[in-house]
Amino acid sequence: MTEKEYRSGFVSVVGRPNVGKSTLINHLVGQKVAIVSDKPQTTRHRILGVLTLPEAQIVFVDTPGIHKPRHRLGEYLVTLALGALKGVDLVLFLSEATSPPGAGDYFILEQLKKAEVPVILVLNKIDLISKPRLLPLIDLWRQEHDFAAIVPVSALTGENLERLVQEIVEHLPPGPQYFPPEVTTSQPPEFVVAELIREKVLHLTHEEVPHGVAVVVEEMASRRKDLVYLRATIYVERESHKKIIIGAGGQMLRQIGQKAREEIEAFLGKKVYLDLWVKVKEKWRRDDVALRQLGYKPEE
Ligand SMILES: Nc1nc2c(ncn2[C@@H]2O[C@H](COP(=O)(O)OP(=O)(O)OP(=O)(O)O)[C@@H](O)[C@H]2O)c(=O)[nH]1
């Protein structure tokens with residue numbers, strides 16, 4: 001009997017905003033590498049999550065939700081998401097099992113047809129529907145594209161994720177272990193920290209405010225063996241948004257800081273002193289220079 005060859009590859013995760021891409025990757029990777037909120041367009045960067053198994057290594061590329069762009073940041077996000085379809089070994093296309101394919105799904109499908117990679121359709125959020133509704137839905141999807149597999153899952157409860165992993169591994173080519181087994185993400189710690197702070201802003205603010213927020217970690221320094229000093233700036237688009245984020249008597253900013261600090265401490269495994277600032281950068285989402293300064297580098 002011959003030993004099975006080790007398999008590995010890059011797996012791009014695409015889908016409309018809010019379908020659960022970040023939740024799925026976090027669950028599969030077993031650590032919080034991508035932030036989650038109920039607000040669409042939470043994910044702005046391409047993120048790698050790495051799952052190492054005895055027989056394979058899966059490198060996930062998390063992408064922004066594909067949507068009709070309304071400003072420069074929107075255009076950048078869609079370019080990023082579509083770019084993620086190229087040069088990968090497999091695409092996971094996420095949609096929600098709670099509704100039939102919609103206009104956004106068809107737009108993504110068109111792009112998938114152009115990309116010559118196998119696509120696994122993942123029907124997420126099956127915890128929200130009754131099982132008899134699944135079969136007709138799968139039939140409907142099957143008519144739309146020649147998927148390598150169709151797997152219904154719940155990224156939230158973990159239902160059927162083992163089967164999804166099996167399917168992914170089966171569709172990966174033989175290849176090396178790209179990352180050491182203990183690595184779960186290739187993101188620098190400053191980036192994860194900034195994202196964790198941004199996640200708290202998303203959770204605690206509403207309407208226009210969260211979408212105009214960017215977070216930059218300005219300084220990260222070990223002060224003692226067990227203490228990290230962190231200075232970060234929350235950028236907003238308007239003076240009125242700054243007031244909301246600071247809150248009456250600084251109450252909102254304290255809450256953001258407290259919640260973020262708990263998660264940053266868990267992520268870094270050290271105590272953290274978090275120094276948070278709020279600044280206004282008008283219309284940064286429409287400004288190429290500001291986008292670059294804030295870490296969103298449009299690809300050529
Ligand atoms: N009930 C249920 N909710 C889910 C499931 N997966 C994700 N969610 C919720 O759906 C919302 C969006 O999840 P995300 O993981 O941020 O979605 P995303 O596709 O990464 O979103 P973008 O970053 O906007 O592209 C969150 O409130 C999740 O808790 C699921 O399997 N079941």
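**Contact between α6 and α9**

In α6, the residues Pro189, Val192, Val193, Leu196, Ile197, Lys200, Val201 and Leu204 meet Met252, Gln255, Ile256, Lys259, Ala260, Glu263, Ile264, Phe267 and Leu268 of α9 (contact: C-beta atoms, placed from the backbone, within 7 Å; helices: DSSP runs of H or I, at least four residues, and strands: runs of E, at least two, numbered from the N terminus). By class, the residues of this contact comprise 13 nonpolar, one polar and three charged (nonpolar: Ala, Val, Leu, Ile, Met, Phe, Trp, Tyr, Cys and Pro; charged: Asp, Glu, Lys and Arg; polar: the others, including Gly).

The model is predicted: local features require pLDDT of at least 70 and side-chain atom pairs count only at pLDDT 80 or more, whereas totals for chains, interfaces and linings use all residues. Residue numbers start from 1 along each chain as its sequence is written.

**Geometry of the helix pair**

The axes of α6 (residues 189–204) and α9 (residues 251–268) come within 9 Å and cross at roughly 140° (axes fitted to C-alpha atoms, for helices over the stretch in contact; angles from 0 to 180 degrees between N-to-C directions). The crossing of α6 and α9 is right-handed (near helix turned clockwise from the far one by less than a right angle).

**The sheet and its helices**

An open sheet of three strands has the order β7-β8-β9, with mixed pairing (at least two DSSP bridges per strand pair). Because β7 (214–224) and β9 (271–280) are edge strands with a single partner each, one side of each has no neighbour in the sheet. From one strand to the next, the twist averages 15°.

Strand β8 (residues 227–236) pairs with β9 in the parallel sense over 10 bridges. Threonine 233 has tryptophan 277 in β9 as its bridge partner.

Helix α6 also lies across β7 and β8, at about 125° to β7. Helix α8 (residues 239–246) lies across β8 and β9, at about 155° to β9.

**Confidence**

The protein has a mean pLDDT of 83, with 79% of its residues at 70 or more (pLDDT: the predictor's confidence in each residue, from 0 to 100). Confidence is highest in strand β6 (residues 149–152), at 98, and lowest in helix α10 (residues 288–293), at a mean of 64. The model scores are ipTM 0.97 and pTM 0.69.

Notes
Contact = placed C-beta atoms within 7 Å.
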